[in-house]
Amino acid sequence: MSNTVLTVSEDTLLKMKTHYQSSLQSKVPQGGVFMAKPSGCTITAYKSGKVMFQGSNCNAEVSKWQGKSASQTTKKVNPTNTNSTLPKNFSSLAVIGSDEVGTGDYFGPMTVVASFVEPSQFELLKELGVKDSKELTDDAICSIAKKIVHVVTYSLLVLHNEKYNAMQEKGYNMNKLKALLHNQAIRNTISKLEDKKYDAILIDQFTPPNLYYGYLKGTKEVIRDKVQFATKAEGLHLSVAVSSILARYAFLQQMDQLSEKAGMTLPKGAGAKVDQAAAKLIKSKGFEALRSLTKLHFANTEKALKIAKK
């Protein structure tokens, strides 16, 4: 079975959701806009603009939207992700890896981390519990992060909600913001390495490379040398796993601070509990309170306003 991924505009995403209204599913993955299951195909659309088509009737559904996408990739489904551009010994190299957290959460900031990990650190990091963060609880992530923060060279960037909303209102979409933060975090990490050498830079891929560099057009210093992109990059090198853990830890710390500011525990994600919490804040603190706590352009804002009016 093969799958096809299109990258489309926000306007096209809305048109697609309307088109598949009769086959929409109640469950939507984190960061998702909708999931639909028309005959012979499963369609999953994400806030990033990526839309994945899977199934025997995949090509027929894709053909309805070709020409409306920024890019298209088709690949064989493989549960053990590999990237043909990476050398076979990639996992044993000295690498700067970067990852981000918080892009699918209504409450809280975006956090991006770039970390440098060299072979001499592998065993220690594994002993301290470093692995794919999706296999770890938040409590475990906090425990591991407190240990590894003193072991690796890294750079953390936090895009707080007020600045996020201001930039989004100026036309910066999610992927452009991620590209700017990844590039800056990588630059910062390189500047801290002094005489240490790295073999490669690995970015957990969220957009095709040509679009990534397009988002960075006009940026004073764009890091291109030795840069590689791969999905599921946490499983390809420990540096990305480290970055994911540190980024999640920073996000959780920020959520604790925002919860204290809000006077209530803010839920993660972008589901129904989030809508209810936002509505409660609107009633108690007013709509403007959301600007410093949330990503205002998410659909949760409109849902919360409707709930608050009831």
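Is Phe107 buried or exposed, and what is its relative accessible area? In this predicted model, in which residues are numbered from 1 along each chain as its sequence is written, local features need pLDDT of at least 70, side-chain atom pairs count only at pLDDT 80 or more, and totals for chains, interfaces and linings use all residues. Side-chain values use heavy atoms, with hydrogens and water left out. Phe107 is buried, with a relative accessible area of 0%, where buried means under 20% relative accessible area, exposed means over 50% and partly exposed lies in between, for a 1.4 Å probe and protein chains only.

The protein chain has 10 helices and 10 strands, these being DSSP runs numbered from the N terminus (helices H or I of at least four residues, strands E of at least two). Its radius of gyration is 20 Å, close to the 19 Å that the globule rule gives for 310 residues, so the chain is as compact as a globular protein of that length; the radius is taken over C-alpha atoms, and the rule is 2.2 Å times the number of residues to the power 0.38. Along the principal axes, the C-alpha atoms fill a box of roughly 60 × 50 × 40 Å. Of the 310 residues, 51% count as buried. Among contacts (heavy atoms within 4.5 Å) with a separation of 6 or more, 71% are accounted for by residues 24 or more positions apart.

The interior was examined through its nonpolar cores, a core being a set of buried Ala, Val, Leu, Ile, Met, Phe, Trp, Tyr and Cys residues joined through side-chain atoms within 4.5 Å. In the largest core, which has 69 residues, Phe107, Val130 and Leu266 touch the most other members. The largest share of this core, 12 residues, comes from H8. Apart from it lies another core, of 15 residues, among them Leu6, Phe34, Ala36 and Phe53. Leu266 touches Phe107, Met255, Leu258, Ser259, Leu281 and Leu293, when residues up to four places away in sequence are not counted. Helix H8 (residues 238-262) also holds Ser239, which counts as buried at 0% relative accessibility and which, its neighbours within four places in sequence left aside, is in contact with Val95, Ile96, Gly97, Ser115 and Val117.

Aromatic rings were considered next. A pair of such rings is described by the distance of the centres and the angle of the planes; here rings of Phe, Tyr and Trp (its six-membered ring) pair if their centres lie within 6.5 Å, with planes under 30 degrees apart counted as stacked, over 60 as edge-to-face and the rest as tilted. The structure holds seven aromatic pairs. In one of these, the rings of Tyr20 and Trp65 have centres 6.2 Å apart and planes at 50°, so the pair is tilted. Tyr20 lies in the loop between helix H1 (10-19) and strand E2 (32-36), and Trp65 in the loop between helix H2 (58-63) and strand E5 (69-76), so the pair ties together parts that are 45 residues apart in sequence. Both partners are buried, Tyr20 with a relative accessible area of 3% and Trp65 at 7%. The rings of Tyr106 and Phe107, with centres 5.3 Å apart and planes at 65°, form an edge-to-face pair, and Tyr106 counts as buried at 0% relative accessibility.

Ring pairs also link Phe206, Tyr212, Tyr213 and Phe229 into a cluster. Of these residues, Tyr213 lies in helix H7 (residues 209-215) and is buried, with a relative accessible area of 16%. Leaving aside its neighbours within four places in sequence, Tyr213 is in contact with Val222, Ile223, Arg224, Val227 and Phe229.

In helix H10 (residues 300-309), the buried residues are Asn300, Thr301, Ala304 and Ala308. Seen down the axis of H10, these residues fall within an arc of 95°, so they line one face of the helix, the arc being that of the directions from the helix axis to the C-beta atoms. What covers the buried residues of H10 includes helix H9 (272-285), whereas the face turned away from the buried side carries the exposed residues Lys306 and Lys309.
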